[in-house]
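Biologist: Hi! Could you walk me through this structure in plain words?
Modeller: Happy to, let's open it up together.

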Amino acid sequence: MRRIAVLTSGGDAPGMNAAIRAVTRTALAKGWEVYGVRQGYAGLMAGNFVPLGARDVSSIMQHGGTILGTARSSEFKTEAGRCKALHALGSFGIDGLVVIGGNGSQTGAYHLSQMGFPVVGVASTIDNDLYGSDITIGVDTALNIALESIDRLKVTATSLERAFLVEVMGRDCGYLALMVGIAGGAEAIVIPEVETNPDEVVRLLSEAYRRGKSHAIVVVAEGAKYNAEALAAHFREHQGEIGFELRVTILGHVQRGGNPGAFDRLLATWLGAEAVEALARGEHGVLVGQIKGEVRTTPLAEVVANRKPLDLSLLRLNDVLAR
Ligand code: F6P
């Protein structure tokens, strides 16, 4: 191993820059050369590589997003696209690749490694839906951003005795909604993993109103069958039963744009450094993640074949705590 490349792919996540820095400086310390790939797999296919020295990754750790840029590439999902990428890697004399990203990105990493190229993944997505890491880079910061928004919404909701439907990201995974709902003291949490009857949410809200609550928060995952828009339409038909006046807030990409907190910077640093150590010991075709508090590798084949389970007992706990 003499020369490696690093890329960020898919949705940006707070902490990606800390991972780029850790990969770069750990590799430089081994006497290797490092190239950054711009715009994820799109840049990999186009040969959009830039040399990274120690100073190029100075003072980036505290910023959200990714200095390398990122992209979602449909061409890389094809064999022809991946052949282009292999050609570009070959023409730059790259011996190993670090892919920082979530599910789609690690699926791409798996396919590339199946074609014989040494690839190591670093678990990074705000969705926390990646098998092979209990928590992924960006989750903690995204949770705190959503939580701060909910705390603010509660202030105005209380003043006017309103209920807020707050939609959070997560694609088809309810992790962010579940965690932020519990931490934010939501009256109800709606996630894709559990079929929710909207009449049941109407009942919860109207009971909360009759119990004298001055506000109510329903946290909804964007991937739920009844997302914020669908629930709001249903609630409008039942406004009389609910009691609270209703408002809807969709947090969207706001959750992704924050500067990483200490947890994400540290996690990214550990995972990024370990990705280089894995390449150094000849271990590739793996994802570096955190499992039971330790930095561990999991074969990419296992990562792409499995779905990370969500602890649904927390949903029942919230029903009790929301009284
Ligand atoms: O995977 C991260 C994520 O932010 C999801 O939560 C969300 O569904 C998706 O990306 C949004 O993608 P885009 O930034 O392409 O709109």
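Modeller: One definition to start with: two strands count as paired if DSSP finds at least two bridges between them. Also keep in mind that this is a predicted model.

Biologist: Got it. Which strands form the open sheet, and in what order?
Modeller: There are 4 strands in that open sheet, ordered β7-β8-β6-β9, and their pairing is parallel.

Biologist: And which strands stand at the edges?
Modeller: Those are β7 (188-190) and β9 (245-250). Each has a single partner strand, so one side of each is left without a neighbour in the sheet. Ignoring direction, neighbouring strands of this sheet are turned by 20° against each other on average.

Biologist: How many bridges join β7 to β8?
Modeller: β7 and β8 (residues 216-221) run parallel and are joined by 3 bridges. If you want a spot to look at, find Ile189, which stands opposite Val219 in β8.

Biologist: Switching topic: what about β1, is it enclosed or open?
Modeller: Strand β1 (residues 3-8) is largely enclosed by the rest of the structure, because 5 of its 6 residues are buried.

Biologist: Which strands does β1 pair with?
Modeller: β1 pairs with β2 (residues 33-37) in the parallel sense over 4 bridges, and Ile4 has Val34 as its bridge partner in β2. β1 also runs parallel to β4 (residues 96-101), with 5 bridges joining them. There, Thr8 stands opposite Ile100 in β4.

Biologist: What do β1, α1 and β2 make?
Modeller: Together, β1, helix α1 (residues 16-29) and β2 make a right-handed β-α-β unit.

Biologist: Nice. Now the core: which residues touch the most other members?
Modeller: The largest nonpolar core has 83 residues, and Ile4, Leu44, Leu97 and Val98 touch the most other members. Helix α5 (residues 139-160) gives the largest share of this core, 8 residues. Another core, of 18 residues, lies apart from it and includes Val202 and Leu231.

Biologist: What does Val98 touch?
Modeller: Leaving out residues up to four places away in sequence, Val98 touches several residues, among them Ile4, Val23, Val120 and Leu279.

Methods. Residues are numbered from 1 along each chain as its sequence is written. This is a predicted model: local features need pLDDT of at least 70, side-chain atom pairs count only at pLDDT 80 or more; totals for chains, interfaces and linings use all residues. Side-chain values use heavy atoms; hydrogens and water are left out. A nonpolar core is a set of buried Ala, Val, Leu, Ile, Met, Phe, Trp, Tyr and Cys residues joined through side-chain atoms within 4.5 Å. Buried means under 20% relative accessible area, exposed over 50%, partly exposed in between (1.4 Å probe, protein chains only). Helices (H or I, at least four residues) and strands (E, at least two) are DSSP runs, numbered from the N terminus. Contact means heavy atoms within 4.5 Å. A crossover is right-handed if, with the strands pointing away from the viewer, the path from the first strand over the helix to the second runs clockwise. Axes are lines fitted to C-alpha atoms, for helices over the stretch in contact, and angles run from 0 to 180 degrees between N-to-C directions.
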